[in-house]
Amino acid sequence: MTVTIVTLILLATLVLLITERLPVDLTAIGIMVALALCGVLSPAEAAAGFANPAVITIGAMFIVSQAMIRTGAVGFIGARVIHWARGSERRAFLLVLGIAALASAFINNTPVVVLFIPVVMSLGCEFGQSPSRYLIPLSYASILAGTCTLIGTSTNIIVSDLSAAYGFGPLGMFELARLGVPIAVVGLTFIYLATPRLMPNLASVVCEHDAPHRRYLAELSIPRGSPLVGLAPGAAFAERFASLEVVELVRYSHVFVPGRDPVVLAADDLLLVKASANDLVAVLHENGVELPPTQQGIFDPERTARETLIVELIIPPGSSLQGQRLVESRLFKEPGLHVIAIRRSRLHYTEQNMRDVRLKTGDILLVRCPQGCLEEMRGGGEVIVVEDVHHEIIHKSKALWAGLIFLGLVVAATTGLADIMVCAMAAVFLMIRSGCIQLRDAYRAMQADVLILIAGAIALGTAMEKSGASRLYAELFLELFSGMGPTAILGGFLLLTSISTQILSNNATAALLLPIAVSTAAGLGVDPKPFIIAVCFGASACFATPIGYQTNLLVYGPGNYRFSDFLKLGIPLNLIILAMGTVLIPLIWPF
């Protein structure tokens, strides 16, 4: 009876996940509720997945990945690709595949693909090609490389922890590389050669770099002893801060226009500049410029990164701030709040200093704001608070710290200095403490729906094992290969796992099929390790549909793809993994 209940719950889970009639996290919660109400699992057993080391490790890796992106540690690589590959489309494509694959071997591949999508869009426009030619290969390259290390994809971590729970030991940091690297090399070579022939070149996709950059007006002063003294205004910032343009230079009572008036920077000069929020925050971390003397001592870049937010304040119709000079408004006098820049429709103001600007409806102020006063401003009705810009700011000054912390995570996990979960948690602690990412952003980085889905799948896997359902499924599966040897059955299991992951998430597939893999090996009387490895590679072989993996869904919209576009490269890649896995797994991990 219990097996029947578990089977019905399993079938209902498959239907809901495939049809997406309910959100995946709600489906996972329903799994746990159903198993507990039906008495298959105790309440503690049903909720035990939330305390599983795999869930904690994956959540921590989401935060670490986001910290790497927010500091620009990974984004720097993407920017260099465009620089290195100018003039050669094939070289650019090869660089993108190689760098994305290398990053995905150590960083969760979802944020890597998120990071590289705008890079690929820019490359497509740079060489007159549609990004649709490159985005699916980008997703597939990240998936292939993610199988090379333990932390390359959350699926490997799940399988490793489940393997340890079954008494077969966890996977080593680079244990999967013995098969993952050959598969990745063959797969990437195939992608590189086949992409021009198989991928569409859709002319309707809009180039991202044609979109206007959002820039603000700000004032900066040149302090005494600045290394910028003596440089031309245009050359002083061009190399490191591409969006920053010096509009006017005010020296005492004289106003100079760079490009028209021959002038170089001198101490105490006041610069009126246009720049993106990113470059404005970054330039304030340099020792070459400061805020105007009337505002010195208010803006502390280090405190900005740790304790405050960079947000936009929009002046709405009916606000009492309309018509007020900025210096007279409560915004200018609010303790801890500092106005960095302003943006309005004509991107200019007529007053001599920004502090004398009279605020108008629609003005957007870029401010540094302590977290504690956000709610008060939201409730006051004087301004509209927009936090989107805060999540776009790249704290480049913390890139070195983020890189060192991440390197420490990899080294510690590789050498066995500590468990991967402990290493990941330590990295999160250090990332937050060092200011690489704020605590509020760390919470946002954790993909709750993914973590809940994993917890629900773990509960279902536990129910399958406890009820004997996994053993029954294994016996039914073995009947399909009656009389065949372990290698043929292993190939069949790879095929089963690969088919399952096209319609389910790879994490759910791994959690659901690993108990069956162990039971299958036990029924054959062989070492279960080859079957555990097969789950790792089969669950990550999600190339044939856009719904099989998050990165496929990420590129689906920007590439303007059809469902069939994924089959063109996806089916051959699935066959490559099936063939190489069937032949090489028994050689590397003998039965």
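D268 counts as partly exposed because its relative accessibility is 39%, where partly exposed lies between buried, under 20% relative accessible area, and exposed, over 50%, with a 1.4 Å probe and protein chains only. This residue sits in the loop between strand 3 and strand 4. D268 has a positive phi of about 75°, although it is not a glycine. Most residues other than glycine have a negative phi.

The model is predicted, so local features need pLDDT of at least 70 and side-chain atom pairs count only at pLDDT 80 or more, while totals for chains, interfaces and linings use all residues. Residues are numbered from 1 along each chain as its sequence is written, and side-chain values use heavy atoms, leaving out hydrogens and water.

I turn to the protein as a whole. Its secondary structure comes to 25 helices and eight strands; these are DSSP runs numbered from the N terminus, with helices (H or I) of at least four residues and strands (E) of at least two. Of the 591 residues, 55% count as buried. The protein exposes about 24,400 Å², of which carbon and sulfur atoms supply 63%, by the Shrake-Rupley method with a 1.4 Å probe, where for residues only the protein chains shown count as cover. Among contacts (heavy atoms within 4.5 Å) with a separation of 6 or more, 78% join residues 24 or more positions apart.

In what order do the strands of the open sheet stand? The order is 3-2-4-1-6-7-5-8, with antiparallel pairing; two strands pair if DSSP finds at least two bridges between them. Strand 3 and strand 8 (384-386) are the edge strands, each pairing on one side only. In general, strands of a sheet pair through backbone hydrogen bonds.

Strand 2 (residues 245-251) pairs with strand 4 (residues 270-275) in the antiparallel sense over five bridges, and V250 stands opposite L270 in strand 4. Strand 2 is also joined by three bridges to strand 3 (residues 254-256), again antiparallel, with R251 opposite H254. Strands 2 and 3 form a hairpin with two residues between them, and Y252 in the turn has a positive phi of about 60°. Strand 4 pairs with strand 1 (residues 216-221) over six bridges in the antiparallel sense, and there L217 stands opposite K274.

Now the interior. A nonpolar core is a set of buried Ala, Val, Leu, Ile, Met, Phe, Trp, Tyr and Cys residues joined through side-chain atoms within 4.5 Å. Which members of the largest core touch the most others? Of its 128 residues, they are L35, L138, Y140 and M431. Helix 4 (residues 53-70) gives the most to this core, with 10 residues. Apart from this core lies another, of 28 residues, including F241, L280, A282 and V289. Leaving aside residues up to four places away in sequence, L35 touches I9, V40, L41, A459, L460 and A463.

Finally, helix 8 (residues 135-146). All 12 of its 12 residues are buried, so helix 8 is largely enclosed by the rest of the structure; L138 and Y140 are among them. At 1.5 Å a residue, the helix should span 16 Å, and its end C-alpha atoms are 17 Å apart, which agrees. The expected span is 1.5 Å times one less than the number of residues.
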